[in-house]
Amino acid sequence: MQRLIDRAKELLGSGEVARVLGWRKGENSWDVEPAFFASAEELDGFVYDGFCGANLSKYMIEASKLEGKTLVFLKPCDTYSFNQLIKEHRVDRDKAYIVGVGCKGKLKIENIPAKGILSVEGAGYPDAAEMLTVKTLYGDVQVAYKDAMLERCHVCKGKDHMIFDEQIGESADTLDGDRFAQVAAIEAMSPEEKFAFFQAELSKCIRCNACRNVCPACSCRKCVFDSNKFDSAQKANTTSFEEKMFHIIRAFHVAGRCTDCGECSRVCPQGIPLHLFNRKFIKDINELYGEFQAGADIDARGPLTDFRQDDCEPSIVGKRG
Amino acid sequence: MQRIGVFVCHCGSNIAATVDVKKVVEMALKEQGVVHAEDYPYMCSEAGQSRIGEAIAQKKLTGIVVCSCSPRMHEATFRKAAERYGLNPYMVEIANIREHCSWIHKDMEEATEKATILMRAAVAKVHLNAPLQAGESKVTKRALVIGGGIAGIQTAIDIADAGYKVDIVEKTPSIGGRMSQLDKTFPTLDCSACILTPKMVEAAAHENITIHTYSEVEKVSGFVGNFTVDIRKKARMVDIDKCTGCGVCQEKCPSKKTPNEFNRGLNNRSAIYTPFAQAIPNVPVIDTDACIKFKTGKCGVCQKVCQAGAIDYTQKDEIITENYGAIVVATGFDTIKLDQYGEYAYGQSKDVITSLELERVMNAAGPTKGHLERLSDGKAPKEIVFIQCVGSRCSDDRGKPYCSKICCMYTAKHAMLIRDKYPDTNVTVFYIDVRTPGKNFDEFYRRAVEDYGVNYIKGQVGKVIPQPDGSLLVQGVDLLDQKRIMKKADMVVLATAIEPNPDVRKIATMLTASIDTNNFLTEAHPKLRPVESPTAGVFLSGVCQGPKDIPETVAQAGAAAVKVIGLLAKDKLKTNPCTAKSDELLCNGCSTCANVCPYGAITYETKLINDHGIREDRRVAVVNSALCQGCGACTVACPSGAMDLQGFSNRQILAEVDAICR
C-alpha cells in the first residue's frame, strides 16, 4: 500500500497529475469507499486492501471533465470497464494516468460468518494472508480468505491489466469456479421455476438504485428511469411482474456492454444476485456469436452492435427461448 | 388535442363480410379525439377519397385513420388524398383490418373486436403524430447490374439503349453466364453460343456499357437513386489493354492440372486461362492458386512467351467506388450439390453425370469435342437413363421443395438430340410428371416421344448400382404398370435441381433485399411488382428471383430494365421524412448508433450543450436526414433512448401497444 501512496505523492508533487482517485477508509476497516485525493496530506487516508472491491472506472467520467490528469488505480478486472468507457467516449484516456494495481481477490464482509465484527486482520496489501483473523465481540474467529471473497473473484477474468500506464504489485490467481454454472442451472429450470426464482430474488428489491449508480455501463447522462421523456420514469410497481421490470430493462440496456465486473451484486443491500442477468446475456452472446469479453479490446465491435455475414439467424436466437 | 376522423372501408365484401364495419364506426366515435367516423364500400375509390376530403374540411380534422387494407397497398393513396385536401400526409395512419384481420378470421364477432382494437391503436398513434415534410434527393443516372449472364446482359443492353450508363459486374473472367455453357436451346434447338455471343458482343461494344469482369461487389451503401458501391476488381495478372488474346500463354503454361470450371471439372485447364473461346473480354486470367510462378516463384513462362508484354505478376486487387441510381441483381443459379444423393452413385461412377455436364459433353468445345461418350472408358453409350427431379420437388431436407422448371424441357432436348445423332442409342427417362407449359413446349416433348422414340417411364429411380463390368444397374419403378424395373445402362444423367447462386445471400444482405427460404430474392409483390425487390431501387432479373428458362429470363430482364429506366428518368426523388432524430440532451456520445447505421447517416460533433443551465461541450450524434432511411436500427441500439424515429417514435409505438392492451 505504501508503494501506491508514495507513487501517488510523487506524481502529485511533480504536477503530472492533478488529483488521485483511490480508496479511503470508512467508519469500519471494511467500509472502504472510493475517494478523490487532491494533496499529499489527504493521501494519508488512502487505503488499498482486500476490501477495495469498488471499481473506480466510472468515477473517471466526471474526472475526465476536470482540469488536468487524474491518477486512477485500477485492478485487473476494473480495466475492462475502463476500456469499455473509452470505447463509448465516456472517459478521456488522455485525462487518466492509470496505475494497474495487483489484486489477490476482494472480500465481502457479508461473507464472513461472524456476528459482532470489530475488525478483520489479514486483508492487507500486498500479501493477503491465507486466513483472516476476525475480531468480534465474542472472541476471535478464523476464516479462510477464499471463503470470504466476492463471487466475482472466484470467476476472476485474470491477472492482466487491459490498459495501464504503469503497474504496481502482483496479482494472484483466484479462479476456482465456473462462471456460467449458476446460469446453466437456471436455464435448466422450467419456466415456472424460473419465474419463482426471480420472483423470490427481485421482490427483495427496494429500488435504492445502487446497482444502477455503481454500474460502469449505466453511464447515461440521463437514465431512462429518471427522464420524464420516458414512461418508465418513477413508474410505481403495480404488479409483481412490474417489480421485475427495472432489473430486466437494466439488463437489456447493458447487454453486450457489461464486462461482468460484478459491482451490481457487490453493492446490492438486499443481496440480490443481479450479475446473473448480465451473465445470461454474456453466455448467450458467447454461444451465439463466439467468445466475447466486453472491454478486453478497445477496437473490437460488440457482437450485438455489429453485423457479420455469418451471424446466426434470428430464428435460431428465437428457438433458444 | 387532435381532431381525428376514422374511415372504415368495406373493401366490397373483403372486409365487410367478416367485420361488422358499422360497429367499428360506432366504437371509433367513443374514442377520445375522434370527431368523425364513417364507413364506405370502397374508401380508395374517387368517391371514397372525396368523402375523406369533405370530412377534413367540414370537421376541421387534424389527423385521420383509414381502416382498410395493408399500408403497402394504399397508404400512399390516402396520404396523397389527405395532401390534396390540405392535411399533412403524415397525419394519416392505416389500420390494416383486411390482411391482418378479415382475411385471416372467420368469426365475425372476433374479427370485429380485432378490427376495433387495430383502429384504436391507430387512433392512439395519430394522437402523437406530427406533420412531417418530405425532402428531395437527386438521382444518379447510372445503373449497376450484378451478374453478366444472359439476364444481366439483356438488362444492361436495354438500359443502355435508353441512353443511360450501365456497369456490369461479373465474378468470373468472362460475361456469358450459364447460357454460355449450354449446347443447344429448347424448343428451337438453335445453338446457345450462336444466339448468346452476339448479345455479349453488343454489350461489350455498347458505348453506355462498362463491363467489370473478374470483379465482385464488395460493399453497398446509400439508397434509391444514390447508391455507392465498392467493386473489387480482382487481379487478373494480365494487362487487359495490352493482351491481344492470341492464346500462346495458355498453350505454353506448364500447369495444366486445374479442373476446368467451365466444363464442370470434366477436364483440366491451364493456370492462365480464358474460360471459353468466345469469352468477353478475350483476356486470360492467372489462377494464382494453380500458377507455379505464384506457388514457387519459379516459372514465368507465360511472361516470356507473351509478345504483347501483357503479363504482370505484380497486379493487385483494386477497389473502385462508383455511384448508381439503381441496382439490378442478376446473379443466376447453380446446380445443387449431390453429396446427399448417394443412391444415384454420382461421384462413384464417372458415367453418372448431371445434365449440365451432359451439355458440356455434347458441346463441340467440351471435354469430348462433342462426341457422346462414356467418361470412364470413352465408349459410346448404347443405353442412357435420364432421372428427373433429382433434388427438385423434394419433401425432405436433402433437396429443394420447388420445381426447377427447366429440367423437363432440357431432358426432352437431350433425349431428342441423342436419338437424332445416335439412332442406335436407347434413351429412357424416369419422371414424376412431365411439365411443359410454354409456347411450343408440349409439342417439343411430344416430338421426343412420338418422333424420336424416347422411352418415358412414370416413376422414380431408387438406386443406381455400378456393376463390375462397368455398366450401371438402374433400379426403379414403373408406376403406370405397377412393377419394378431393373435396367442396365451405360450412362445415367441426373436432372439436378437448380438453386440460386450461393453468393446471393451476401449480395442480398449488402442490398438489404429480402430472400425467401430457398434463397431466391423476393419480389415487392409476387403478381404486381415481380421485377422489383421490396428495397427501393433494387431490381431483379433472371433466376435469382425464381427458376426460369431463357425466354422468360430475357423477358424479365427487359422488364427490370424498364423499371430502372423509369427510375433513372426522374431528376429528383422525394425522400422519406420518417428519419431518425437525436435528442442532444440525452445523447451520451457513445457512437453505438453510428456503428449500427447501415447508411452512414450518423456523425458526431462536439457541441456546446445547455442542459438545464449546465453548459458543457458534449460529443453528440447528428443525423443527416438526406442519408437516413428510417430503418430504426439506431433507435434500438441507443442505450440512453436519445435516438427516435420521426413518425414511428417509441412513444407512438408504446401508445399503440397500450391501446391494444387496453
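**Domains and a helix pair**

In this predicted model, the C-alpha centres of domain 1 of chain A and domain 2 of chain A lie 26 Å apart. Domain 1 of chain A covers 1-106 + 154-177 and domain 2 covers 178-321, with bounds that come from an automatic or database domain assignment.

Residues are numbered from 1 along each chain as its sequence is written, while chains are lettered from A and ligands numbered from 1 in the order in which they are written. Local features need pLDDT of at least 70 and side-chain atom pairs count only at pLDDT 80 or more, whereas totals for chains, interfaces and linings use all residues.

**Where the domains touch**

- On the side of domain 1 of chain A, 18 residues are in contact with 15 residues of domain 2 of chain A, contact meaning that C-beta atoms, placed from the backbone, lie within 7 Å.
- Helix H3 (residues 76-87) of chain A supplies the largest share of that side of domain 1, nine residues; helices are DSSP runs (H or I, at least four residues), numbered from the N terminus.

**Helices H8 and H10**

- Helix H8 (residues 242-254) of chain A packs against helix H10 (residues 275-289) of chain A at an angle of about 40 degrees, and their axes are 9 Å apart, the axes being lines fitted to C-alpha atoms over the stretch in contact and the angles running from 0 to 180 degrees between N-to-C directions.
- His247(A), Ala251(A) and Val254(A) of H8(A) make the contact with Phe277(A), Asn278(A) and Phe281(A) of H10(A).

Notes:
Contact = placed C-beta atoms within 7 Å. Helix = DSSP H or I, 4+ residues; strand = E, 2+ residues; numbered from the N terminus.
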